[in-house]
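Here is a short briefing to read beside the sequence and the 3D view. Keep both open as you go through the points.

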Amino acid sequence: MKILHIPCLQDNYAYLVIDETTKEAAAVDPVEPEKILEVAKQNDAKLKMVLTTHHHWDHAGGNEKMRQLVPGIKVFGGSLDNVKGCTDKVDNGDRISLGAEVSILCLHTPCLLLAVVNFLRAQQNRCISHFVLHWLHCLNPLKFSVVMSTL
């Protein structure tokens with residue numbers, strides 16, 4: 001599994017999770033869809049789904065545009081949240097498959113908001129959480145990829 005961070009807006013990030021065996025990918029909080037699609041293209045990845053952590057516009061604001069740009073894409077969001085553009089609601093404990101090797105465990109993790117969903121790579125307990133990824137990057141942007149590989 002490869003996780004790429006993509007700067008969005010002036011102070012935010014989206015993420016591209018790629019199954020390295022199949023090159024299938026998931027975008028996490030793709031507020032600027034065109035940027036995510038460009039990074040996917042640069043990595044020869046085929047975008048299959050969107051994982052939305054919560055409904056705030058700077059996380060879910062690109063979901064509807066992504067659905068226009070990638071017909072048939074699945075957009076996942078928490079069942080307790082009102083995620084714009086959501087096609088598939090997830091509950092605590094649900095699992096989502098990406099490619100051949102990535103199984104994603106959905107975790108309802110109320111923190112900043114009551115309806116936040118984090119996504120965990122089940123096989124190796126690697127967290128794909130917007131909050132964790134964002135803060136790790138902000139704390140040490142030069143070592144972000146090293147930190148990501150140890151989650």
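**Briefing: loops, strands and cores**

Thr52 is found in the loop between strand 4 (46–51) and helix 2 (57–60). The model shown is predicted. Start at this loop, then follow the strands, the cores and two further loops.

- Is Thr52 buried or exposed? Thr52 counts as buried, because its relative accessibility is 0% and the cut-off for buried is under 20%.
- The side chain of Thr52 makes a polar contact with the side chain of Asn63, at 3.1 Å.

- Strand 5 covers residues 74–78. Of its 5 residues, 4 are buried, so the strand is mostly covered.
- Strand 5 pairs with strand 4 in the parallel sense, over 3 bridges.
- Strand 5 also pairs with strand 6 (residues 88–90), again in the parallel sense and over 3 bridges.
- Which residues stand across from Phe76 of strand 5? Leu51 stands opposite Phe76, and Asp88 is the bridge partner of Phe76 in strand 6.
- Side chains in a regular strand alternate between the two faces of the sheet.

- The largest nonpolar core has 18 residues. Leu16, Ile36, Leu47, Met66 and Ile73 have the most contacts inside this core.
- Which elements give two or more residues to this core? They are strand 1 (2–8), strand 2 (12–18), strand 3 (24–28), helix 1 (33–42) and strand 4.
- Another core, of 16 residues, lies apart from the largest one. Tyr15, Leu51, Phe76 and Leu98 are among its residues.
- Look again at Leu51 and Phe76: they stand opposite each other, and both are among the residues of the 16-residue core.
- Take Met66 of the largest core. Leaving aside neighbours within four places in sequence, Met66 is in contact with Pro30, Pro33, Ile36, Leu37, Leu47, Val50 and Ile73.

**Two residues with positive phi**

- Asp29 is found in the loop between strand 3 and helix 1. Its phi is positive, about 50 degrees, although Asp29 is not a glycine.
- Asp44 is found in the loop between helix 1 and strand 4. Phi of Asp44 is also positive, near 50 degrees, and Asp44 is not a glycine either.
- Why does Asp29 count as buried? Asp29 is buried because its relative accessible area is 0%, and buried means under 20%.
- Asp44 is exposed because its relative accessible area is 62%, and exposed means over 50%.

Conventions
Residues are numbered from 1 along each chain as its sequence is written. This is a predicted model: local features need pLDDT of at least 70, side-chain atom pairs count only at pLDDT 80 or more; totals for chains, interfaces and linings use all residues. Side-chain values use heavy atoms; hydrogens and water are left out. Buried means under 20% relative accessible area, exposed over 50%, partly exposed in between (1.4 Å probe, protein chains only). A polar contact is a pair of N or O atoms within 3.5 Å; within protein, one must be able to donate a hydrogen and the other to accept it, and residues adjacent in sequence count only if both atoms are side-chain atoms. Two strands pair if DSSP finds at least two bridges between them. A nonpolar core is a set of buried Ala, Val, Leu, Ile, Met, Phe, Trp, Tyr and Cys residues joined through side-chain atoms within 4.5 Å. Contact means heavy atoms within 4.5 Å.
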